[in-house]
Each structure stands twice: as C-alpha cells, then as structure tokens.
Amino acid sequence: MSPFNNFYQKIATNRLSHWLNTLPAQLTHWHENNLHGDYKHWQKTLEALPSVAANSNVNSNVDLADNVKVGELGDFNSGEFKRLENLMKKFKPWRKGPYHIHGLHIDTEWRSDFKWDRLADHISDLSGRYVLDIGCGSGYHLWRMRGAGAKFVVGVDPTQLFLMQFNAVKHFIQDEQVHLLPLGIEQLPELKAFDTVFSMGVLYHRKSPIDFLYQLKAQLVKGGELVLETLIVDGDENTVLVPGERYAKMRNVWFLPSEKAMCAWLERCGFSNVRVVNTDITALDEQRKTEWIDTESLQDFLDPNDNSKTIEGYPAPKRAIFIANA
Ligand SMILES: C[S@@+](CC[C@H](N)C(=O)[O-])C[C@H]1O[C@@H](n2cnc3c(N)ncnc32)[C@H](O)[C@@H]1O
C-alpha cells in the first residue's frame, strides 16, 4: 500500500484532483527506486513512537497559532517520555522548528518561528485557502499555516529525513489537512490550484532562478499570492552575487540578487503588486547549535574576526521577504 493513499483520497474530492493524473505514478517510482539507505530504519523508528491512542489519559490539545505544540509534560510516564526523546533524536539533525511534543522541546538549529513572525502580518489571511510550501524542510511552517486558518496545506521537499521528521510530528498532531510530499519543485505539474504559494530559503539553491519563478507561478490560481524569502545582497537592480564554490560553507548556492533585482525578476516573470515586506540579517540567536544537531551552525560559517562577513569573505546572510500576485 502506498504511504500516500490518504493524500490521494483527500485530493480526489478537492480542487487538486487533477494532480492524480501524474502524482501516484511519480511517488510509486520514488518508493520503488529512490528510497534513502536509512529509510527502513527510520520507518521502524516511527513505528516505535509512543502511541497516543493507547494512552487514553493523554492530552492531545494542539496549539498551532502561537507555536507548534501538542499536549503537555506529564502526558506520558517518565519511561515513555524518555523513549520519545531517544527516538526523536534518531532523526537528527533537526534543522527547522521548534516543536513541543507532550513536553519534549525539540530545540532545532533554526528558530523558524522568527521567520514566521516576520511575515505573518504581511500575508493575505490564510483562512479557507489552499496553501503550498515549496522546500518546506521538516514542515514547521506548514503547521503554522494551518494554525493561521488554511483549509488544506501541502509541503514539498525532496530531503527524505525531513519527511521522516514531519511524519514523526504528524504522529502526534493528527491533522489530515496537512501533508508533505517528497518531491522537488521540478517534479510538479502546472497545478494552477493554490491560493498562496510559499517558497522560503530555496531560490538561492536553484541554478536557474527565472525558471524557478515560473514554476512557482504555475502553482498559483490567477491572482494568487506568492510569498518568497531568499538571501539578498546590497546593491542596485543590476546587482547579483554568484559566489564561488562555497557561500557560508554551503556548496549549492547560486544567485543572491539585490532587493531591487529580485523585484525586477518577479515583474519580468509576470507577477504584479511586487513588494518587499521585510529584510533581516540572520542573527546568531536564530540559527545556532543545539543538542538536536551534531553539525556546525551559523557561528562556524562567519568570519570569526568580523561577523558581517562569511568565512569566505562574502556579505553575511541577509534575507528578504517578497510578496507578489500571479
Ligand atoms: C534552507 S531550507 C528552507 C526550509 C524552509 N522553507 C525555511 O524557510 O525554513 C531549503 C530547503 O529546500 C529543499 N530543497 C532542495 N532542493 C529542492 C527542490 N528542488 N525543490 C524543493 N525543495 C528543495 C531542501 O531539502 C531544504 O529543506
């Protein structure tokens, strides 16, 4: 049985039903040919998570409006709580969060709530909307979108560990309107079906940012809203940094436009009402090493003598949030 049957059943009766023309074949191919070497092991870890159904006294109150939180400390006895913690740590590195699961604070590398706080007041009300988040990581923002009233939320991200982290959280927050699929944007057909499309922290990983913008547009209904967040540099509308082999130790960074260049690209791709709603230099309290990652973090990516530069000498990470209509 496909792990995505639930999703197929859901979309069969909603406005995404045309996705069924291509999606099942794609995900079957993925499941048969592309599973990560640790996938079976991860699957067993998921199955070993404490069961909420078997503990009738467990409080399953969910708060997605102010954070991503389910239940309280004390819902599970101390043995089960320790098991929960040990099993969740098998999914390290936990990059995006934080999550609060029955009193377990998964203090992720990133305070993804800071990014949400920077954009929440600027986007159209998500109530009743179909929402897509492209490159959603473990899905932290998917839960916040649902908490902000979205009717149906889909995330896509090709990194399989992040799907596992999402499934681990969904094991406890059993909301059938929130889904994550292991796909890259290049695998999406032109759905033209979402009221809001988010894509945050992905554009600079794409070798062809203009194609990427057209792919984002192709997911939106006419007039729908794009919320795009990406790394930027200072400069005029002709300024774009294409770093050398690495930027902040990342190998896969391609285009860092200025605010004005990014706006010009969006307009050139046919978006209207293009605006920048926030810019922010990534601070050391937003991305930092915690016990939920074993790798390096922002502090190690910056010049130790001058935090305004990356270790390679480029401008330190500065991000902007753009909003536009299809
Ligand atoms: C910097 S993270 C951003 C996560 C999240 N959107 C956020 O803003 O916190 C970039 C994400 O893009 C994902 N990604 C990489 N290639 C992708 C692709 N081709 N299509 C969609 N997502 C991709 C990665 O797996 C990763 O989770």
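**Notes on a predicted model**

1. Let's start with a loop: Lys-249 sits between β12 (240-241) and β13 (256-257). This is a predicted model, so take the details below as computed from it. Lys-249 isn't a glycine, yet its phi is positive, at about 70 degrees. Is Lys-249 buried or partly exposed? It is partly exposed, with a relative accessible area of 29%.

2. Now look at His-102, in the loop between β4 and β5 (104-106). His-102 also has a positive phi, about 45 degrees, without being a glycine. For background, most residues other than glycine have a negative phi, and most peptide bonds are trans.

3. You'll find Pro-93 in the loop between α4 (78-89) and β3 (96-97). Further along, the bond from Gly-97 to Pro-98 is cis too, with omega near 5 degrees, and Pro-98 belongs to the loop between β3 and β4 (99-101).

4. Next, a pair of helices. α3 (residues 39-47) packs with α7 (residues 160-172) at an angle of about 10 degrees, and their axes are 10 Å apart. Angles under 35 degrees count as roughly parallel, so that is what we call α3 and α7. On the α3 side, the contact uses Tyr-39, Trp-42, Gln-43 and Leu-46; α7 brings Gln-160, Leu-161, Met-164, Asn-167 and Ala-168. By class, the contact has 6 nonpolar residues, 3 polar ones and no charged ones.

5. At least two residues each come from α1 (5-12), α3, α7 and β9 (178-181). The lining splits into 11 nonpolar, 8 polar and 2 charged residues.

6. Last, the largest pocket, holding about 1,000 Å³ of space. Of its 44 lining residues, Lys-96, Phe-162, Gly-201, Tyr-204 and His-205 lie nearest the centre. Elements giving two or more residues are β6 (110-111), α5 (112-119), β7 (130-134), α6 (140-147) and α10 (298-301). Sorted by class, there are 19 nonpolar, 12 polar and 13 charged residues in this lining.

Technical notes. Residues numbered from 1 in each chain as written. Predicted model: local features only at pLDDT ≥ 70, side-chain atom pairs only at ≥ 80, totals over all residues. Heavy atoms only, no water. Axes fitted to C-alpha atoms, helices over the stretch in contact; angles between N-to-C directions. Helix = DSSP H or I, 4+ residues; strand = E, 2+ residues; numbered from the N terminus. Parallel < 35°, antiparallel > 145°, perpendicular 65-115°, else oblique. Contact = heavy atoms within 4.5 Å. Nonpolar A, V, L, I, M, F, W, Y, C, P; charged D, E, K, R; others polar. 1 Å grid on protein atoms, 1.4 Å probe; cavity = no way out; pocket = protein on both sides within 12 Å on 5 of 7 lines; lining within 4 Å. Points joined across faces, edges and corners; volume = space filled by probe spheres on them. Buried < 20%, exposed > 50% of the residue type's maximum accessible area, 1.4 Å probe, protein only.
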